[in-house]
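Hi,

Here is the structure I promised to pass on. Have a look at it first, and then read my notes below.

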Amino acid sequence: MSQPAMREILSEAQRRTAEHPFAVLVWVDEAGYPMHRPGPFEVEEDGIRLRISDEPLPPDGAPVAVILSRIRPRPQGGYEGRRYWTFHGSAHRRADGVAVRPHRVSGWREDERPFLALCEGAVPQAQRYFAFLSRIHGRPIRPRLPLAGLLLRATRAPFLTATVIPVLLGAAVAFYEGSFSLPWLVLTLAAAALVHLGLNVCNDIFDALSGADAVNPSPTPFSGGSRVIQYGLLGIREMALLCAALYGGGALLGLLMVIFRAGVPLLVLGASGLLLSIAYTAPPLRLAYRGLGELAVALGFGPLMTIGAYTVQTGRIGWSPLIASVPVALLIALVLYVNEVPDRAGDAAAGKRTLAVRLSGRWRARIYGIGVAAAYLFVGIAVILRWMPPWAVAVGVTLPMAVSVGRSLARFAEQPYALIPAMATQIRLHLYAGLLLAASYLVSRWLGPGGS
Amino acid sequence: MSRLPEAVEALLEAALVAEFTVLDGRNRPVVHPMLPLYVGDGRIYLTSSVLFSRKLFHIRRNPRVALSITDPVAAPVARWGAVTIQGEATIDDADPHSGWLWLLPAWARKEPDIPRLVKNRWMLPLFWERVVIAITPRRIFHWPPGGTGEPVVYDLSEGG
């Protein structure tokens, strides 16, 4: 490391540890044990001097390390802004202490490399250690989770809001027009949820096969897949079985609704949705890799699900659920888009040409702004044209959330983990806007005559 | 196993961070900040996630380690002073999934939120696959509060 670079690090370490009275001098003693000697210290222009002169001390010229750290526990648990440095050099014993002129520094700064990123970067090390354990213990040792947690993680079930909203919306539109059946609504939710979870698992399988998830350097709780394959929790074969079970269950329930409730229109909608979800990442279409993933998600979690739920309730297809689905479709596509921003390095490396990969610089935030503005404008125009009930304007209360996400995208596009709050906000925005939209149909039905 | 000096036990029971040093293949010190756990049996316990398992390979190669408690914010150094403990480490890694859970009560006394996080371990699964490092102390160096001169040395090795 160059001296100017080292001086800069020393200067920063001095600032950050100003309130910490001790550095720790580390060396290997005569008995072959590591030895730690804490002491007050000063950062000098080209090194660190510990103001200690009593034994035990390292021999003059001995290789040593000096630890400076700032690890502050929070009262509510966890730590804030952890950082520690290890400066490697040789000891020089002087009358005023032990001076170390470092030639190498290592350590961790949490503000530069968030803890999640640190963990993700260490996954190959964990895989090596599991392989080592299996060898020395003579039996397979792999990471485990309780079944409920494993399924929760593998299917990414917390993201089911993407399914619940369009289904509730379709049923709300049907209710507004005078048709409603709770048991069929529950069945619709169950079928749609199974297909959605099957899509998530299918996505993980093909992203694992393409390498997109493996090369992703910055997965977050909202992006980068479930990582159950990368972590060794489940193999591809096990995921394939899970995928088949989920799709099979969804298709079976869908078939029941086709036969006993909604007939051919639902068959067409359901089959389209199923095929679209498979084609999202599976060959030969691989829509997400061709820059069509956002459109597929908008169609699937927008018109297809909304009209499908409406059809189960009413037995017919109509324009009203299609119109109701447009803002929800835009907002769910934006959920995907915002989640794609942190993944774009890994996606680009794997040839996955998402919108976030194809856009650069300011356009990443601009596209979000255009999309979310279109969603709100559509609602306004639809209300004016009486395509939606007047209460639909209530979705406008979610506008501050959209502004917050847009600002975060503009500010943190290059900092994946700083985008985590924005990803959560966008998901909540879709949820609240969808619920408000559905509620507007219910309220309008209660307050006045129905019909589109 | 005999108990440790009172000041050392008090530090181990209260410290939220310690410096833990192992020796790599070239006999160079590698230092990690870790949370020390003490259950009163004279040994010091650490749990290391398999994610950060390089230190475990080092310990297998050379079990000589050191641990120090010096941070006045994360430990009651102002009251009990600072301490360095040299010893030998052993590893229990037969069951990374649950083999370390017996230390959860000791960990929860220091970080009350830990049981909730473990309950939701599906959110960070590999972090919660952990290995137990047990340190048998051989020599302890204790600097009393405010003291940075020669330490009080306790020799716990057999015949010491």
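Let's start with a cysteine: is Cys243(A) buried or exposed? Cys243(A) counts as buried because its relative accessibility is 9% (buried is under 20% relative accessible area, exposed is over 50%, and partly exposed lies in between, with a 1.4 Å probe and protein chains only). Its closest cysteine sulfur belongs to Cys202(A), 4.5 Å away, which is too far for a bond. A disulfide needs two cysteine sulfur atoms within 2.5 Å, and the search over all chains finds zero of them. Cys119(A) is buried too, at 4% relative accessibility.

Before you go on, some housekeeping. This is a predicted model, where local features need pLDDT of at least 70 and side-chain atom pairs count only at pLDDT 80 or more, while totals for chains, interfaces and linings use all residues. Residues are numbered from 1 along each chain as its sequence is written, chains are lettered from A and ligands numbered from 1 in the order in which they are written, and side-chain values use heavy atoms, without hydrogens and water.

Next, the two chains. Their contact (heavy atoms within 4.5 Å) takes 58 residues from chain A and 62 from chain B. Two salt bridges cross the interface (a side-chain nitrogen of Lys or Arg within 4 Å of a carboxyl oxygen of Asp or Glu). A salt bridge also joins the side chains of Arg144(A) and Asp95(B), at 3.7 Å from N to O.

Finally, look at Phe260(A): at 59% relative accessibility, this residue counts as exposed.

Cheers
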